[in-house]
Amino acid sequence: MTGRRSVDAAQGVHVRRYLTRKVITYILAFFVGATIDWGIPHLMPGNPVQLYLSKFQLQPGGYAALYKTMSEAFGTNLPLWDQYWHFWYGLVHGDLGVSIYDFPGRVTTLIFNAIPYTLALLVPAIVLSYVLGNRLGAAAARRKSLDNTVLPAGYIFQAIPYPWLALLLPFLFGEVWHVFPISGAYDETLLPAFSWTFISSLLYHWFLPFLTVFIVSLGGWAIGMRNLVIYELENDSSRYLRALGAKERVIRRYAYRSASLPQLSGLALALGVVIGGNIVTEIAFHYPGLGLLIYNAIEDEDYFLLQGIFIFIVVGVLLANFIIDLVYITVDPRTRLSMQGASS
Amino acid sequence: MSGTLSGSTAAESSGSGEPVAQVAGTVMPSVSAPVVVRRRGEFLYYAVHNRKVVFGLGLEVVFVLAAIFGPLISPWNTTEYFLPRQPPSGVHWLGTDYFGHDVFAQLVNGLRLSYLVGALGALCAALVGMALGFIAGYRGGLLDEVLQLLTNIMVMIPSLVLLVVIGAYLKTRGVVFEGVFIGLTTWPWVARAVRAQTFTLRSREFVDLARLSGKRATSIVVRDIAPNMASYLFLVVILLFGSAMLLAASYDFLGLGPTNGISLGTMMNQAMLWSALQLHLWWWFVPPGLVLTGMVAALLIANVGLDEVFNPKLREQ
């Protein structure tokens, strides 16, 4: 028993090292993200104050005076190192500045108002497309009739550019057939309330943008899973099971389980693209999430807002990666075994 | 940031980072086949007889020809003005847009730009990803740790938002900027995959032998390791090409693309901005998206077909 325990302890150390390494990566990624976010405006030709003042036609004297006051107000006259320090100070204290687009409004307030809408599109689209896509792909592997329909549909879904679907769906369902609304998150004549009318209006407006993000993601998961399951079914372990006389259903179930692992780490890799697609979709549908906020910020040259959104999306991706890490540990029996070792 | 296409094909998944070691036996067969010469003829035989390869590459050739010769056979160019908002007709094959520009002329010119950006993006991503993947996989040790950290960090930086922040300050952007930007943000998954493959090849006897013979590291990587994953690298480049074109379309749609010239994405951007949906100008935004879907789907189909060619396990039974 002592030998067994020492093995478990060794595994525990291994897992702890794995998690420590992950957390260090996350912290460093946040640091790099924040530094990029701060650095871009400072590395670009011209500075924000110059850019802002160039929008007005000013006399040289007035320009110089305004430039001086505004530089002092925004702190752009300080040495770079000081500005960097101030940026981190604000960031740690949750202060991302004041928005230009929604003037006295704070950047954080705007972002927090937009986040629920983004998550409402993103989370169901990612989870449902992942689950359904994997099931479809696994079912299609090495089954001729199903494969012949799932595979071509998968290729086409995967190849569709987000912006195109975000134009095509509202055109067909909104403008031609008049079955779904194509703009906004709820009926503009309604006030947000916890009532059936409002919630049904929310769902009604949510469906098309959700469908856009869902469809594009679906194909990739289906094809990926189909190919992985074929690999698994040709594996020695599957052959061995078959030789033992196991039912095909059982062999497939094991193949699906093994194939889930690379798919899960693929999910972490695909996050960035889905988020990008979500931004495109929100803009096309005027859906009031972070994507539309980005669009408005670009239109009004609201750099503080842009920088704030960037930080929030970096944090969101880090959190999502962390969740995927945790799921990976529960799904992969080897890591789970060593987790038990760590706790005993 | 990985493309829409990455992380989801068998070739990629079987070679992507950590999972490889955990899914027993999913090493690419091309890796276990150091005899390259004899196999070449065999590959060609299977490629010609694979319906997916023939269909995918055939369709892609049609689009490439359209990109090359389209602007030459188009009766109009993109700067001429005609009666605005005309539906497709014999004179204007795909109608005219809100301003009276010929849509067909824009489409074939946009095709060129999309291919150009896709090729540039794929090239940059492949170069950076392979270089870092080979170095990390072959050298190992501390350098590997650092490069892996860099890769993992890069994966988590949202490239679209990064481009938005850069775009806010960089007012004039060219095609080269967009291509290079896409390349510099999509390399991480290539680096991961190449590193994992190099790792499995590094301890093979023929690599040991090469090392014993006193060859330099670069020469071992280029002459001994890379050829054994050539088919895999080829598939990676195809996927990168497709995902770069899709990414470019998204960027262009948001007005973050090249500030000069028309691409398939900018056409859709213009259509959205000038209410093509409400005015029912479907011929303005349906063709660019349809063509792009076709271009990328053809690549994907060819890719999966080639995967079957290089990899006997996947072939239809």
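Mentor: One term before we start: two residues are in contact if their C-beta atoms, placed from the backbone, lie within 7 Å. Also, this is a predicted model.
Trainee: Okay. How many residues of chain A are in contact with chain B?
Mentor: 68 residues of chain A are in contact with 63 residues of chain B.
Trainee: Which elements of chain A give two or more residues to that side?
Mentor: Helices, including H1 (2–43), H8 (196–233), H10 (248–285) and H12 (303–331) of chain A.
Trainee: And which gives the largest share?
Mentor: H10(A), with 17 residues.
Trainee: How do the residues on that side of chain A divide?
Mentor: Into 45 nonpolar, 17 polar and six charged.
Trainee: Switching to chain B. How many helices and strands does chain B have?
Mentor: Chain B has 13 helices and zero strands. Its pattern along the sequence is α-α-α-α-α-α-α-α-α-α-α-α-α.
Trainee: What percentage of chain B is buried?
Mentor: Of the 317 residues in chain B, 55% are buried.
Trainee: What about contacts within chain B?
Mentor: Take the contacts between residues at least 6 apart in sequence. In chain B, 76% of those join residues at least 24 apart.
Trainee: Back to chain A. What is its average pLDDT?
Mentor: Chain A averages 84, and 90% of the residues score at least 70.
Trainee: Where does pLDDT stay under 50 in chain A?
Mentor: Over residues 339–344 of chain A. The model has ten contacts beyond four places in sequence for that stretch.
Trainee: How should I read coordinates where pLDDT is low?
Mentor: Not in detail.

Definitions and conventions:
Residues numbered from 1 in each chain as written. Chains lettered and ligands numbered in written order. Predicted model: local features only at pLDDT ≥ 70, side-chain atom pairs only at ≥ 80, totals over all residues. Helix = DSSP H or I, 4+ residues; strand = E, 2+ residues; numbered from the N terminus. Buried ≥ 20, exposed ≤ 12 C-beta atoms within 10 Å, placed from the backbone. pLDDT = per-residue confidence, 0-100. Nonpolar A, V, L, I, M, F, W, Y, C, P; charged D, E, K, R; others polar.
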